[in-house]
Amino acid sequence: MSARFGPQARAAVFGASGGIGGALAATLARDPGVAEVLCFSRSGRAPEGMTAAPLDILDEAAVAAAAEAAGPLDLAIVATGLLHDGDRLRPEKDMRALSAARLAESFAVNAIGPALVGKHVLPKMRRDRRAVFAALSARVGSIGDNAVGGWYGYRASKAALNMILKNFAIETARRQGAPIVLGLQPGTVDTSLSKPFQSAAPRLFTPEQSAAALLEVIAGATPDQSGRLLDWSGAVVPW
């Protein structure tokens, strides 16, 4: 993966305590071309042998301070996400389950938080060599691919994230040395987020498998793909 970045690459993972985020951080840490991996998580937890700085991505002042402290980055990945939280928050099966509070929470975690990270991290990305800003999205956030409905909050908040990433790509492309901006669909991964829904998945990845695949997609991404949503195999997911 590091071959597509400059020497002594620096990376940051936001959401490093999650299954996919932790696997991404650990995989990057083993890459000999990556000199430093900065980990951020709300809980302050990180993969074994690594440390994380506590960060609530909805606290804009804290995000701005973290971006300033991180300095120039070759790679930044936002790996946060919310689909359910026990009995308190479940994906809506139909419109009768819609709730203003639950919708607001989905949008806050899945769209607003990543938007704030991008706002403060993108200006700090390396401009003298290839750099990538990526956020984990979801296939169910595709409007064109939605044939079954339901999951209002998760679908809509991930669709909003996709639009935010597209806007980031358009805006940053106006300046020389623009980073590549990507939405990433990691597949169905064996984590707590997907646990209640894994039986319906055609294929189930371990976090390590998904992380390795996503980092290969990042390594192969080109500037003309900036602003797109790519799945774990590198295929473009329709809007």
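A: A crossing of two helices is called left-handed if the near helix is turned anticlockwise from the far one by less than a right angle, and right-handed if it is turned clockwise. The model considered here is a predicted one. Two packed helices are described by the angle between their axes and by the distance between those axes. In this model, helix α2 (residues 60-70) packs with helix α3 (residues 100-121) at an angle of about 40°, and their axes are 9 Å apart. Angles under 35 degrees count as roughly parallel, and 65 to 115 as roughly perpendicular; α2 and α3 are therefore oblique to each other. Their crossing is right-handed. On the side of α2, the contact is made by E60, V63, A64 and A67. On the side of α3, L116, V117, K119, H120 and V121 take part.

The aromatic rings come next. Planes under 30 degrees apart count as stacked.

Another pair is formed by W151 and Y154, whose ring centres are 6.1 Å apart; the planes of W151 and Y154 stand at 75°, so the pair is edge-to-face. The two partners can also be described by their accessibility. W151 counts as partly exposed, at 24% relative accessibility, whereas Y154 is buried, with a relative accessible area of 10%. A further ring, that of F5, has R130 over its face, at 5.1 Å from the ring centre.

Most residues other than glycine have a negative phi. The phi of W151, however, is positive, near 50°, although the residue is not a glycine. W151 lies in the loop between β5 (132-136) and α4 (152-172). Q8 likewise has a positive phi, of about 55°, and is not a glycine. Q8 is placed in the segment before β1, and Q8 is exposed, with a relative accessible area of 55%.

Key
Residues numbered from 1 in each chain as written. Predicted model: local features only at pLDDT ≥ 70, side-chain atom pairs only at ≥ 80, totals over all residues. Heavy atoms only, no water. Phe/Tyr/Trp six-rings, centres within 6.5 Å; stacked < 30°, edge-to-face > 60°. Buried < 20%, exposed > 50% of the residue type's maximum accessible area, 1.4 Å probe, protein only. Lys NZ or Arg CZ within 6 Å of the ring centre and 35° of its normal. Axes fitted to C-alpha atoms, helices over the stretch in contact; angles between N-to-C directions. Helix = DSSP H or I, 4+ residues; strand = E, 2+ residues; numbered from the N terminus. Parallel < 35°, antiparallel > 145°, perpendicular 65-115°, else oblique. Contact = heavy atoms within 4.5 Å.
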